[in-house]
Amino acid sequence: MKKITWLLLTGACIAGLTFTSCEKDGENGNDDGSLIPGGGDDNGGDNGGDTELHASLQGSNYYVLFLDDDSYAAIEDKVVSDFRPSTTEDGQAVVNIDVWDGTYTGGTNSGLGFYGAATGWVSFVVGGSGWSGGAWDLYNGVVDVPGVENVPAIAEDLDSYYLHFAYKTNQEGKSHMAYMCWPSADYAGTHFAFGDPDTPYVDGEISYEPVLPVGGEFVVGEWNEYEIPLNTMNLDFSQEPMKAAINLFAFLSGGVAGTTLDLDAVFIYKK
């Protein structure tokens with residue numbers, strides 16, 4: 001499968017992808033305007049000034065794929081591997097987000113992120129190819145990924161680890177599909193759907209019922225939090241990674257042009 005690599009950085013415009021956000025004065029923030037990591041309710045809204053970290057930031061052993069800078073700083077001493085999109089000094093991708101065959105275009109962010117940060121998150125819009133797909137490309141075979149050697153430690157206590165992410169849409173009746181790979185891109189593990197629970201994701205002849213958000217209710221127009229147990233992924237994390245493009249977190253949104261996919265707070269962690 002041909003891939004188009006777009007390295008997505010917060011607040012940057014790269015390869016036609018524009019990420020902007022509108023900061024709301026005083027919302028989820030301190031009096032001086034600085035943001036409080038986790039300063040939101042279960043769906044990322046105003047929490048009345050509670051300064052405690054969100055529950056998902058109170059775990060341990062974080063493998064971070066995408067997270068706002070303030071929240072990352074709050075858990076930095078618990079980060080085992082930093083897999084956020086990055087490049088080497090000479091411009092080679094270390095970790096990148098691949099959009100397959102240009103099937104998504106860049107969306108426009110508005111409002112605040114899941115933890116209340118006024119910084120860009122990952123925003124996609126399905127194009128006109130009749131299908132869509134992309135992934136966090138953990139290892140591109142060109143340069144080593146710092147921290148990748150730590151992933152096999154997950155197998156030592158697999159039942160305690162979760163894939164965490166937040167998803168938001170303003171569109172009714174939309175669902176998406178995701179899966180993980182390890183130790184190579186040749187095996188996709190267990191697929192799962194997320195989004196509107198009344199709208200199964202159909203992939204060929206297979207229909208996937210969306211999993212429910214952490215709060216048990218899916219809400220259009222708000223951030224919905226998901227936690228998927230890694231012991232349901234059917235992956236052998238004890239193996240060392242192969243030097244191939246490992247799609248640690250892949251996503252698909254179907255073929256309907258204009259379907260949006262906004263993701264934030266993407267990481268693996270131990271509860």
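**View 1. Overall make-up of the predicted protein chain.** The protein chain has 19 strands and one helix, where helices (H or I, at least four residues) and strands (E, at least two) are DSSP runs numbered from the N terminus. This is a predicted model, in which local features need pLDDT of at least 70 and side-chain atom pairs count only at pLDDT 80 or more, whereas totals for chains, interfaces and linings use all residues. Residues are numbered from 1 along each chain as its sequence is written, and side-chain values use heavy atoms, with hydrogens and water left out.

View 2. Of the 271 residues in the protein chain, 50% are buried, meaning under 20% relative accessible area with a 1.4 Å probe and protein chains only. Among contacts (heavy atoms within 4.5 Å) with a separation of 6 or more, 71% are between residues 24 or more positions apart.

View 3. Strand β6 (residues 86-87) runs antiparallel to β7 and is joined to it by two bridges, pairing being assigned if DSSP finds at least two bridges between two strands. Thr87 has Ala93 of β7 as its bridge partner, and in the hairpin, with five residues between the strands, Gly91 adopts a positive phi near 95 degrees.

**View 4. Pairing of β7 with β10.** Four bridges link β7 to strand β10 (residues 134-137) in the antiparallel sense, with Ile97 opposite Trp136 of β10.
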